[in-house]
Amino acid sequence: MFKEFAKGLSITFKHLLPGHSTTVQYPKVKLTPSDRFRGLHRLVPAQDREKCVACYLCPTVCPAKCITVESAENEKGEKYPEVYTIDMLRCIFCGYCVEACPVEAIEMTGAYELANYAREDFEFTKQRLLK
Ligand code: SF4
Ligand code: SF4
């Protein structure tokens, strides 16, 4: 029993040594999330417009029903999202929207600092998502 106790303490004290800590002094030090991290969404831009073709697959598959898309047609007869909004207060960051998109028009970035004060600041419009 003493052996296990000593082993546990050694692990605890090891983490006190410089270079062995698993925590960082956030926000002074920020970790880089892995490539697979699902943070804030981004609409992928194409040449003169967004890549999204307003197919409605992502709002259909979204389990939180937090994506609003309203399609329109441009002068070339191409469909585009006149309105594309994600309510981040409802999003559960599941990534289904990214998986469902047939044209890879939406992706999830490593941005995770999404805290804000006003409710409306969590409405991510097309313009904000294209940034
Ligand atoms: S990550 Fe999931 S919950 Fe969030 S917008 Fe995409 S499908 Fe909806
Ligand atoms: S982001 Fe992709 S899945 Fe969603 S409406 Fe646009 S094209 Fe369709």
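The model in your viewer is predicted.

**Stop 1: ligand 2.** Move to ligand 2. Here, too, look at the shell: 13 residues surround ligand 2. Cys52, Cys55, Leu57, Cys58 and Cys101 are the closest. By class, this shell has 13 nonpolar residues, no polar and no charged ones.

**Stop 2: the whole chain.** Zoom out and show the cartoon. The protein chain has 4 helices and 5 strands. From the N terminus, the order is α-β-α-β-β-α-β-β-α. Turn the model to see its outline. The C-alpha atoms fill a box of roughly 75 × 30 × 30 Å along the principal axes. The radius of gyration is 21 Å, whereas a compact globule of 131 residues would have one near 14 Å. Buried residues make up 11% of the 131 residues. Of the contacts between residues at least 6 apart in sequence, 69% join residues at least 24 apart.

**Stop 3: the sheet.** Select strands S2, S3 and S5. These 3 strands form an open sheet in the order S2-S3-S5, with antiparallel pairing. S2 and S5 (123-124) stand at the edges with a single partner strand each, so one side of each has no neighbour in the sheet.

Follow the pairs across: Ile67 stands opposite Ile86 in S3, and Val69 stands opposite Tyr84 in S3. At the turn, S2 and S3 form a hairpin with 5 residues between them. Click Gly77 there; its phi is positive, about 80°.

**Stop 4: the core.** Which residues make up the largest nonpolar core? Select these 12: Leu43, Cys52, Ala54, Cys58, Ile67, Tyr84, Ile86, Cys91, Cys97, Ala105, Ile106 and Phe124. Then centre on Ile86. Leaving out residues up to four places away in sequence, Ile86 touches His41, Cys66, Ile67, Cys91, Phe124 and Leu129.

Stop 5: Select Leu130 in helix H4 (residues 126-130). Is Leu130 buried, partly exposed or exposed? Leu130 is partly exposed, because 15 other C-beta atoms lie within 10 Å. Beyond residues up to four places away in sequence, Leu130 touches Leu43, Pro45 and Glu50. Draw a distance to Ile106, 24 residues away along the chain: the C-alpha atoms are separated by 9.5 Å.

**Stop 6: backbone details in the loops.** Begin with Pro27, in the loop between helix H1 (2-14) and strand S1 (41-43). The peptide bond from Tyr26 to Pro27 is cis, with omega near 5°.

Go on to Phe93, in the loop between S3 and helix H3 (96-100). Phe93 is not a glycine, yet its phi is positive, about 55°. Phe93 is partly exposed, with 16 other C-beta atoms within 10 Å.

Finish at Glu104, in the loop between H3 and strand S4 (106-108). Glu104 also has a positive phi, near 50°, in a residue other than glycine. Glu104 counts as exposed, because it has 10 C-beta neighbours inside 10 Å.

Methods: Residues are numbered from 1 along each chain as its sequence is written. Chains are lettered from A and ligands numbered from 1 in the order in which they are written. This is a predicted model: local features need pLDDT of at least 70, side-chain atom pairs count only at pLDDT 80 or more; totals for chains, interfaces and linings use all residues. Two strands pair if DSSP finds at least two bridges between them. Helices (H or I, at least four residues) and strands (E, at least two) are DSSP runs, numbered from the N terminus. A residue is near a molecule or strand if its C-beta atom, placed from the backbone, lies within 6 Å of it. Ala, Val, Leu, Ile, Met, Phe, Trp, Tyr, Cys and Pro count as nonpolar, Asp, Glu, Lys and Arg as charged, and the others, Gly among them, as polar. The radius of gyration is taken over C-alpha atoms; the globule rule is 2.2 Å times the number of residues to the power 0.38. A residue is buried if 20 or more other C-beta atoms lie within 10 Å of its own, exposed if 12 or fewer, and partly exposed in between; C-beta atoms are placed from the backbone. Two residues are in contact if their C-beta atoms, placed from the backbone, lie within 7 Å. A nonpolar core is a set of buried Ala, Val, Leu, Ile, Met, Phe, Trp, Tyr and Cys residues joined through C-beta atoms within 7 Å.
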